Every structure is written in structure tokens, then in C-alpha cells.
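Let's take a walk through this protein together, one stop at a time. Keep the picture open beside you and look for each place as we come to it.

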Amino acid sequence: MNFRPDAIDQDWPRLARHLEAHGHRLGLDAPPRQFSSGFANLNYRLDVDGAPCVLRRPPPGPLPPGAHDMVREHRVLSQLWRAFPLAPRAFHLCEDPAVLGAPFFLMEYRAGIAVGAELPPALTGRSDQAARIAADLVEVLADLHRVEPAAVGLDMLGRPHGFLARQVAGWAKRAHLAFDGNPGRAVQRIVRWLGDHIEPERAVALVHNDFKLDNVLLDPDRFTPVAVVDWDMCTRGCPLYDLAILLSYWTEPDDHPAMHQLRQMPSAAPGFPSRAEVLDAYARRSGIDIGNFHFYRVLSVFRLAIVFRQLVNLYRRGARTSPEFASFGDVAAGLLDFAAAIIDGRHD
């Protein structure tokens, strides 16, 4: 993985004192480094007790409700590795904001690469490898959804009953906040449609809540999965929502322009299957009845539009300085158009 040259620094001596009080030793012979991937949470590679690990904390400033929950993520990752080996093991949680300004936790380091908008040069033009990466994504997600929450002590995580209705209400609330109390007609129409078309929940599983390619670290030589990261919104709920989130990032060559502006996954490259093919592959692997997936598609694209609106708000208040954030308002508006097109049957 790559590191940021303009890292947001932390109070490493204070962290060292905190860890020492809890029986851990922070090595500062080499300064900790911030990973370059990720739009929101801050991740640092450092050495603790002579071994590499990762420190994970929220971004600075006010946070959207329900996001960047380090306590939840630590709870998940301190347990899930027992049944899902791709989950890195978390081993220390600090809830005291006096140490680094926000709660944080430490977890084991997995050496891997995060693939974003473009395939690595070694895979360019390799349609066979693109197809295998896509198949691996489907298998990893289906395998996660097979984990019995009670087997890893997570059977009290979240509230699966009414999960989809709460997702609709929650994202409607976040939209209201993200648009400063004036979300506009497009958002209002989508929210009304979602409220009128909530699907019955067919299954309950552990859901990652932001499963996509760059949250699955790949072996740098074989390009096979070595870890799934970014678990701060994990809960128990409807697994088809997790699948829909993956497909909300899954760009196809003839998609709405907003999907290409996303630059999240290289799924428009030769070899990647279509969203419909992914849906079929997941149904075969998981055995879950897909039912009417239309509702999930609209909800997941609407969710993504609001996420990008939240990100541009971070940029506007100075919590993010990368110039790419300046365009995220246009991406959010385009995704709202795309959600409306899915409602109207003008796109899938």
C-alpha cells in the first residue's frame, strides 16, 4: 500500500505513553506513516511490540451520525477473525479522546494493495485476471454472509429487525443534514419512492456496509484477497443490501456519466462481468433468494450520492484538502440523477 506525503500528524509521544500504560511498546525509530487510500478515516502503519500494525481513527471535525465508529469496528475485528480469516485482528481500543483527539484502535497489519479506479499495470489488458478478481469479490462477500454471528460473539450487534426501513430513514436524515436542511426535490422524490417500496427482509447476516474492491486488500504478486478492511459500519442486517452497495460502485462501460466520475472500481475494464452477472453469481454462491432487487439498487445508489455529498462537505470545511474532493458535489448530483433513472426504468 502507498503512503501519504502530506500525512495528518498525530501526537506520537502521547500515544507511546498511553500504550506503555497498557503494556505495549510503540517503536518510534521510524516515524509512523499514513496510508494514502481512503477518503475519510485515517490509517497509520506503525510498530507496536516489535511488529507492524495499523492505527485507525476517524477524521477530524464533526462526523455524520453512525459513521466512523471505532468502538464498533474494534468489537467486530476483535472477534470476526476467528470465523472469517480475511478480517484483521484488532487488539487494542482507546475511547479516550484526550490521547489523539478521537477514539482509535490498533489492529494487525496485512501486507496488500488496494486497487481503486485502475488496475495495476501488471494486470492491464489481462481480462482473465480481471474476471478472477471479480469472482473473488463475490465469493468473499458470500462467505462473509455465511458467518453465523453467534459463533463469533456478534449476535447482539445491531438490530436486524426493520433493518431496511431504518436504512431508508437513516439515509434520508443524512441527506437532510448533508444538504444543510434543504435537500431539494430530487432527494425528496427518491426518499418517498424508497419508503413506498421497502422489500421484505429475506435473511439476516453480518453485513460489512461498504464492501468494494479497494476495501479488499490483494496480495501484490498473486492479486488474491489477503484482508477485508473498513468495518466501522458493520452490523447485522440484510445481506442483499451489502451486495447492492458493491454493485453501486460497479461501473459498466455504457453507464451514466456519474458512475464514471466515481473512479472507485475498474469494473468497466475488459474481463469484469456486468452487474447482472455478479447478481447471478452471488445468488448461486450464497443460496439467498434475490427477489426484486430494484429497491436495493435505488437505495444503494442514493446512499452513495449522500456519501459523496458528505465528503465534499468535509472538503468545504477544511477537514480534507485534496483537490479531487472539490468535484464530489457534481458526482453526488449525478448519482441522484442515476437513482432517479433506475426508479423510472431508464437504467438498471
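Find the loop between α8 (257-262) and α9 (275-286): Arg-263 lies there. This is a predicted model, and in it Arg-263 has a positive phi of about 50° although it is not a glycine. That deserves a second look, because most residues other than glycine have a negative phi.

Now move to another loop, the one between β8 (216-218) and β9 (225-228), where you will find Phe-223. Here again phi is positive in a residue that is not glycine, with a value near 60°. Is Phe-223 buried or exposed? Its relative accessibility is 8%, so it counts as buried, the cut-off being under 20%.

From the loops, let's turn to a helix. Arg-303 is part of α10, which covers residues 294-316. With a relative accessibility of 2%, Arg-303 counts as buried too. Which residues does Arg-303 touch, leaving aside its neighbours within four places in sequence? Its contacts are Trp-171, Asn-209, Asp-210, Met-233, Tyr-241, Ile-245 and Tyr-249.

Next, look at how two helices meet. Two packed helices are described by the angle between their axes and the distance between the axes. Helix α6 (residues 184-196) packs with helix α11 (residues 328-343) at an angle of about 40°, and their axes are 10 Å apart. On the α6 side, the contact is made by Val-187, Arg-189, Ile-190 and Trp-193, while α11 brings Leu-336, Ala-339, Ala-340 and Ile-343. Sorted by class, seven of these residues are nonpolar, one is charged and none is polar.

Our last stop is the cysteines. How many disulfides does the structure hold? The count is zero. Take Cys-53, which is in no disulfide: the nearest cysteine sulfur belongs to Cys-94 and is 14 Å away, whereas a disulfide needs the two sulfur atoms within 2.5 Å. Cys-53 is buried, with a relative accessible area of 2%. Cys-238 is in no disulfide either, and the nearest cysteine sulfur, that of Cys-234, is 14 Å away. Cys-238 is buried as well, at a relative accessible area of 1%.

Notes. Residues numbered from 1 in each chain as written. Predicted model: local features only at pLDDT ≥ 70, side-chain atom pairs only at ≥ 80, totals over all residues. Heavy atoms only, no water. Buried < 20%, exposed > 50% of the residue type's maximum accessible area, 1.4 Å probe, protein only. Axes fitted to C-alpha atoms, helices over the stretch in contact; angles between N-to-C directions. Helix = DSSP H or I, 4+ residues; strand = E, 2+ residues; numbered from the N terminus. Contact = heavy atoms within 4.5 Å. Nonpolar A, V, L, I, M, F, W, Y, C, P; charged D, E, K, R; others polar.
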